[in-house]
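Please open the structure in the viewer and keep the selection tool at hand. The tour below moves from one selection to the next and describes what is found at each stop.

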Amino acid sequence: MPTNVGRRLDRLAAVRRVTRGIDRRTVVRSGIVAAVAYAAWLAIGAFGRPYNFFDMKIYHGAVVWWASGHELYEFVAPDTTLGFTYPPFAGLAMLPMAHLPVTMAGMVNAVVSIAALAVVLAALLRPIVDRMGWPLWFTVAIATPLAVAIEPTRETIGYGQVNLLLFALIMADLVALRWRSRRGTHQADTDGPLLRFIYSGAWAGVGIGLATAIKLTPALFIFYLMITRQWRVAWTAIATAVGVTLGSFGIVGAESRAYFGRVLWQTERVGAADMTPNQSLSGLLARLYDSIETPGLLWLAFSVLVLALGLSRAANSHSDGDELTAFTLVGLTANVISPISWTHHLVWVIPAIIVLADAAIRRHDASRGLIARATAGPYGGPPEVSALRPPIWYPTWTGLRHGIAAVGLYLLFLVSPIWPYEHQLPEVSHYADGLFGALMENSLILALIVLVAALPWRPGAEPAFLTDRAARNALLHGRR
């Protein structure tokens, strides 16, 4: 009997030693993460739609059809008029999933997409959490389920789409640009040549090039790199996209000729422009005109205007040293001007929410602390901080305004009010629920247009290249 008591006491002592080593804050944070993940799951059930890997079934059926000896672009999914619409390189990339059951392929895509999203969020949030002193794992663990719950992400995962993977490829180039601006800080003598190459950021542009070869719309990022004179990155992206495409011609020439000669121009393959999930400028105009087709000249005129506005604001953001906002503006602009932007394409609202939230934090901090005054350095050198002065007056409500905008944008894409007012011509007019219904049906694209026109950038926050203007802003704002 005493022996049993002694053993129990030994076990209790061992448990105490283990629990003593666990930080109580870690336990609390883990509980918060679990609660947020559960709330996100409930939100998906409340605001999402029934998902059954619908698009994955088309991709999977197409590559199985192709692997069995048929022509890729002749495939039509059963009970639909839909087929494979991506370039041949995308088909080659998806070909291995022909060996998996369609449900397993969808699950693999979901896991990989969520993992890619978590990595991207870690990269985007790292500068913020370092500045604020927050644990990175905790911030990312909360941000990931919150991001998964909103319309573009849950639709991408639920339908088996590839948008998060393309998003990750483009964001990889943003990380590479950051590393290029800090060249040498990671290249210790103990690093091998591979790590030195990775941390040098010399490969920047490869991600955008691959994304462009998979889906053509990321080509707008190449145009942005050219107008901001990031020539090496632009040429790397062009060489990657062209090289991969020419390689596809060499491997699957018949499919490549069919795609670029015929399929690319068959816009009717993807659906009618006025369909509610098409939250692009084209879809907005078609629904406003209560027409299946978009008024072409009007769409072209407004698209040019939005393109000029978005790229000019992105170039100014780049010059002021905020590359994340620049990339976000380019992505949002591509969503707006694309003829078809389904709701699962709109993943660029995720960095937009981050930018708005960080802008609110920066303005709040600036209203409480000291403001650095930067002056030009001697002989045209880099700027210097010549003085510190307390703010005479800083509008604290400005930070509140950006915070409210971040929360409002998140809630809009969480609730996604377009679906209760979804209508389909010619059976039902898009004005069947009046002006309010029309506003709700177009609410996501209206939010995108507002973001292109008004998304703030954060001078000196994350420069891709430390130009004099970016360096001045970094000093002026204290890299907050």
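With which residue does Arg126 form a salt bridge? Select Arg126 in this predicted model and display its side chain: the partner is Asp130, and the closest N and O atoms of the pair are 3.0 Å apart. Because 4 residues separate them in helix α5, Arg126 and Asp130 stand about one helical turn from each other. Arg126 is partly exposed, its relative accessible area being 42%.

**The whole chain**

The protein is built with 21 helices and 2 strands. Of its 480 residues, 48% count as buried. Among contacts with a separation of 6 or more, 73% are between residues 24 or more positions apart. The accessible surface amounts to about 23000 Å², and carbon and sulfur atoms account for 68% of that area. The count of salt bridges comes to 7.

**Helix α7**

Select residues 151–159, which make up helix α7. Within this helix, Arg154 and Glu151 are 3 residues apart, about one turn. Their side chains form a salt bridge, with 2.9 Å between the closest N and O atoms. Is Arg154 buried or exposed? Arg154 has a relative accessible area of 2% and is therefore buried, the limit for that class being under 20%. Glu151 is likewise buried, at 0%.

**A link between distant loops**

Next, select Asp322 and Arg458, whose side chains meet in a salt bridge with an N to O distance of 2.7 Å. This pair links distant parts of the chain, 136 residues apart. Asp322 lies in the loop between α15 (296–319) and α16 (323–337), while Arg458 lies in the loop between α20 (443–454) and α21 (468–476). Asp322 is buried at 0% relative accessibility, and Arg458 is buried at 2%.

In soluble globular proteins, nonpolar side chains tend to be buried together. Leaving aside residues up to four places away in sequence, Phe327 touches Ile170, Met171, Leu174, Leu177, Ile208, Phe221, Tyr224 and Trp348.

**His60 and its contacts**

Move to helix α3 (residues 54–67) and select His60. His60 is buried, with a relative accessible area of 11%. What does His60 touch, not counting residues up to four places away in sequence? The contacts are Met97, Ala98, Leu100, Pro101, Val102 and Ala105. Although His60 and Leu100 are 40 residues apart along the chain, their C-alpha atoms are separated by 8.7 Å.

Met107 is found in helix α5 (residues 102–132), and with a relative accessible area of 43% Met107 is partly exposed. The tour ends in the helix where it began, since Arg126 and Asp130 are also in α5.

Technical notes
Residues numbered from 1 in each chain as written. Predicted model: local features only at pLDDT ≥ 70, side-chain atom pairs only at ≥ 80, totals over all residues. Heavy atoms only, no water. Buried < 20%, exposed > 50% of the residue type's maximum accessible area, 1.4 Å probe, protein only. Salt bridge = Lys/Arg side-chain N within 4 Å of Asp/Glu carboxyl O. Contact = heavy atoms within 4.5 Å. Areas by Shrake-Rupley, 256 points an atom, 1.4 Å probe, with all protein chains shown as cover.
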